[in-house]
Amino acid sequence: MTGAADHTATDRTAAGQDATGHDAGEHDSIGHDVARDDPADAGQLRRVVGASVIGTALEWYDFFIYGFAVTLVFNELFFVTGDPATGVIVGFATFGVGFAVRPLGGFVFGHLGDRIGRRSTLVITTLVMGVSTGLIGLLPTYDSIGVAAPILLTVLRMCQGLGAGAEFGGASTLLAEHAPAHRRGFFTSFAQTGVQLGLLSGTLVFLLVETLPRQSVLDWAWRVPFLFSFALIAVALYVRLRVAESPVFQRLARQRTEVALPVSDALRRYPRNFLIGIGAHVCDTAVVYIYATYSLAYLTKSLALPRWVGLTGVVAFGVVVIVLQPVYGALSDRIGRRPLNLVGVVFTAAFAFPFFLLLDTREPVLIWLALVVATAFGLAPMIAVQPAFYAELFGARVRYTGFAASREIGAALAGFSPLVAAALVAQAGGRGWPVAWWMIGTAAVSFVAFLLSAEGRDVDIAAADTSGVARR
C-alpha cells in the first residue's frame with residue numbers, strides 16, 4: 001500500500017529475516033490461526049479483544065457525551081449568549097476544539113507507542129481521558145464564575161482530544177498485531193464496536209437524564225454522566241493491564257530495532273500512505289457527528305421535536321453499527337478493505353439528500369429509518385474495516401504513530417462538522433439541504449483517498465518496514 005510494492009526484499013533478508021518479515025529461525029503465531037495452533041494465544045487474543053472493546057467503549061463514552069451535553073445543556077449553562085441557536089454554535093466550536101488537538105495526541109502518544117509499547121501508552125491515554133472528563137462534571141457554570149467557566153470547559157475538552165487522538169490508533173494497532181493475518185479484518189473491527197458502545201452508552205445515559213424535570217437536569221443531573229467517568233477509569237485500567245504487549249512490538253524491542261523519531265520515519269518512508277490516511281478519515285468523521293450529534297440539534301432546534309426522538313434514533317444508529325461491525329470486518333477478510341471503503345463512501349454521498357428529506361418529515365419512524373439506513377450501508381462498512389486499513393498502511397516500527405497521526409489529522413479537518421452544519425442551517429433559515437452538500441464534499445475527499453489506496457489485506461503486519469515489501 002505504500003506505492004513502492006515493487007521493491008525487493010534484499011535489505012530485509014540481508015538483516016536475517018525470512019520472506020515473511022520474521023527473524024530467521026524465529027517462529028510465532030503471527031499470521032497463523034491462533035485458535036487452532038496455540039490455545040494460549042487464542043486465550044490471549046480473546047483478552048485483547050475484550051480489553052479493546054471495553055477500554056475503547058469507556059474512553060469514547062467520555063468523548064461522545066460532550067457532544068450530547070453541548071446540544072442539550074451546555075448552551076444554557078456555559079455558552080450563555082441570549083440566543084439558544086448561537087449558544088449551540090459556540091458549543092459546537094468547543095466540541096471541534098477536541099478534534100483540533102487530536103493530531104497532537106496522535107503524534108505525542110503515537111511516538112510513545114512506538115517507543116515504549118502499545119499497551120503502556122493506552123494506559124496513559126485512559127488516565128488522560130478519564131480524569132479530564134470527570135473534571136468537567138465538577139466545573140462551576142457561567143452563573144457562578146462567568147467567562148472562566150467556558151474557558152475551563154474548553155481546556156478540559158482539549159485534554160479529551162489529546163487522549164482520543166491516540167486511543168483508537170493504539171487499541172487498533174494492539175489488536176491488529178495480535179490477530180491472525182487471515183482474520184485481521186474481523187478481529188480489528190471490534191475496536192470500532194467499542195467506539196459505538198461508547199456512543200450508545202453515552203446516549204442511554206443522557207436519555208435517562210432527560211427523563212428528569214428540566215430544572216433538575218440543569219441544576220445537577222447533567223453532571224452525572226461526566227462524574228461517572230471517574231469510576232470507569234478503574235474498569236478500563238483493569239482490563240488493559242491484563243493483556244500482553246503486542247508480539248510484534250516485543251520482537252522489535254528484543255532486536256532493538258525501534259526508531260528514535262517515529263514521526264519523521266513515518267513521513268519519510270510512507271508519505272503517500274500518510275496522505276491517504278488523512279483523506280480516508282474525513283468522510284466518516286464528518287458524517288458520524290452529523291448523524292450522532294448534530295442531528296439532535298437539528299431535530300430539537302430547527303424541527304422543534306422532543307429530545308427523545310433524536311436520542312432514540314441515535315440508540316438505533318449505535319445498535320446497527322455494533323451488530324454490523326464484525327460482519328463487515330469478516331467480509332473484508334474475503335473481498336478486501338478497498339471495496340468496502342469505496343461502497344461505503346459512495347452510498348454516504350448518494351444518501352445525503354434523502355437523509356435530510358426523511359428528517360424533515362418530522363415522523364419519528366422515518367427519522368429512525370434515516371439514521372439506520374445511513375449507518376448500515378454507508379458508515380458501517382467504512383468504519384468496520386478502518387482499524388485493519390490503517391494498520392496495514394505502515395510498518396511495525398512506526399505503525400502507532402503513522403496510524404494515529406494521519407487518522408487524527410483527517411479527524412481534525414472534519415471534526416468541526418457539527419459547527420459547520422449548525423452555521424449552514426442557520427444561514428439557510430433552518431433547512432438542512434446545505435449540510436447534505438457538505439456531506440457529499442467530504443465523501444468526495446475520502447473517495448479519492450480510497451481510490452488511490454492499494455489493497456492491504458495481504459500486507460505482512462509483522463514486518464518492521466513494509467516500504468520495500470508490502471505483501472506477506
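**Briefing: burial, cores and cysteines**

Leu 174 is buried, with a relative accessible area of 6%; buried means under 20% relative accessible area, exposed over 50%, and partly exposed in between (1.4 Å probe, protein chains only). This is a predicted model, in which local features need pLDDT of at least 70 and side-chain atom pairs count only at pLDDT 80 or more, while totals for chains, interfaces and linings use all residues. Residues are numbered from 1 along each chain as its sequence is written, and side-chain values use heavy atoms, with hydrogens and water left out.

**Leu 174**
- Helix H8 (residues 148-178) contains Leu 174; helices are DSSP runs of H or I with at least four residues, numbered from the N terminus.
- Apart from neighbours within four places in sequence, Leu 174 is in contact (heavy atoms within 4.5 Å) with residues including Val 48, Arg 118, Leu 122 and Val 243.
- Phe 249 lies 75 residues from Leu 174 in sequence and 9.1 Å away in space, C-alpha to C-alpha.

**Nonpolar cores**
- A nonpolar core is a set of buried Ala, Val, Leu, Ile, Met, Phe, Trp, Tyr and Cys residues joined through side-chain atoms within 4.5 Å.
- The largest nonpolar core has 120 residues, and among those touching the most other members are Val 73, Phe 74 and Tyr 291.
- Helix H3 (residues 39-77) gives the most to this core, with 19 residues.
- A second, separate core of eight residues includes Leu 340 and Ala 376.

**Cysteines**
- Zero disulfides are found in a search of the whole structure; a disulfide is a pair of cysteine sulfur atoms within 2.5 Å.
- Cys 283 is buried, with a relative accessible area of 0%, whereas Cys 159 is partly exposed, at 26%.

How values were computed:
Helices (H or I, at least four residues) and strands (E, at least two) are DSSP runs, numbered from the N terminus.
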